[in-house]
Amino acid sequence: HQLPHTIRDDMPIFAHFKLPKRKLESHFDRFGNPDTQQALVICGRQDEITPLHLSEEMASAIPGARLHVIEGCGHLTSLEKPEEVNQEMKSWFISL
């Protein structure tokens, strides 16, 4: 999917990624029971492509999801702050 050059704060997350306008929960059947699945959402606080409120929306739509916000980081978290991303992923995997 190609991302737009600008993101409007009033658009739902699904519009940004050209997903059907249905609830995120409708996609869970592909991945199993959402009550037993784990999810880690990592984002940069200064991300202008996917603003923080959209990552918060995504994490809140997934039961039990963990949200990690990286300070001083934009959209390319794994390139901008690889050590912090790796540490958070390691911590998350250990917690499973």
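Q: What should be known about the model before reading it?

A: The model is predicted: local features need pLDDT of at least 70, side-chain atom pairs count only at pLDDT 80 or more, and totals for chains, interfaces and linings use all residues. Residues are numbered from 1 along each chain as its sequence is written, and side-chain values use heavy atoms, with hydrogens and water left out.

Q: What is the mean pLDDT of the chain, and which elements have the lowest and highest values?

A: pLDDT is the predictor's confidence in each residue, from 0 to 100. The chain has a mean of 75, with 62% of its residues at 70 or more. Helices (H or I, at least four residues) and strands (E, at least two) are DSSP runs, numbered from the N terminus. Among these elements, β2 has the highest mean pLDDT (96) and helix α1 (residues 13-16) the lowest (44). Residues 1-21 have pLDDT below 50, and beyond near neighbours in sequence this stretch makes 28 contacts in the model (contact: heavy atoms within 4.5 Å).

Q: How is the span of helix α4 checked?

A: The expected span is 1.5 Å times one less than the number of residues. For the 14 residues of α4 (residues 82-95) that gives 20 Å, and the end C-alpha atoms are 20 Å apart, which agrees.

Q: Which residues of α4 are buried, and which are exposed?

A: An α-helix has 3.6 residues a turn, so residues three or four places apart point the same way. Buried means under 20% relative accessible area, exposed over 50%, and partly exposed in between (1.4 Å probe, protein chains only). In α4 the buried residues are V85, E88 and W92. They fall within an arc of 70° seen down the axis, so they line one face of the helix; the arc is that of the directions from the helix axis to the C-beta atoms. These buried residues pack against β1 (40-44), β2 (66-70) and α3 (77-80). Exposed E83, K90 and I94 sit on the face turned away from the buried side.

Q: How many disulfides are counted?

A: A disulfide is a covalent bond between the sulfur atoms of two cysteines. The rule asks for a pair of cysteine sulfur atoms within 2.5 Å, and the count is zero. The cysteine sulfur closest to that of C43 is in C73, 8.9 Å away, too far for a bond. C43 is buried at 3% relative accessibility, and C73 is buried at 1%.

Q: Where is E48, and is it buried or exposed?

A: E48 lies in the loop between β1 and α2 (52-61). Its relative accessible area is 70%, so E48 is exposed. E48 and H75 are 27 residues apart in sequence, and their C-alpha atoms are 6.8 Å apart in space.
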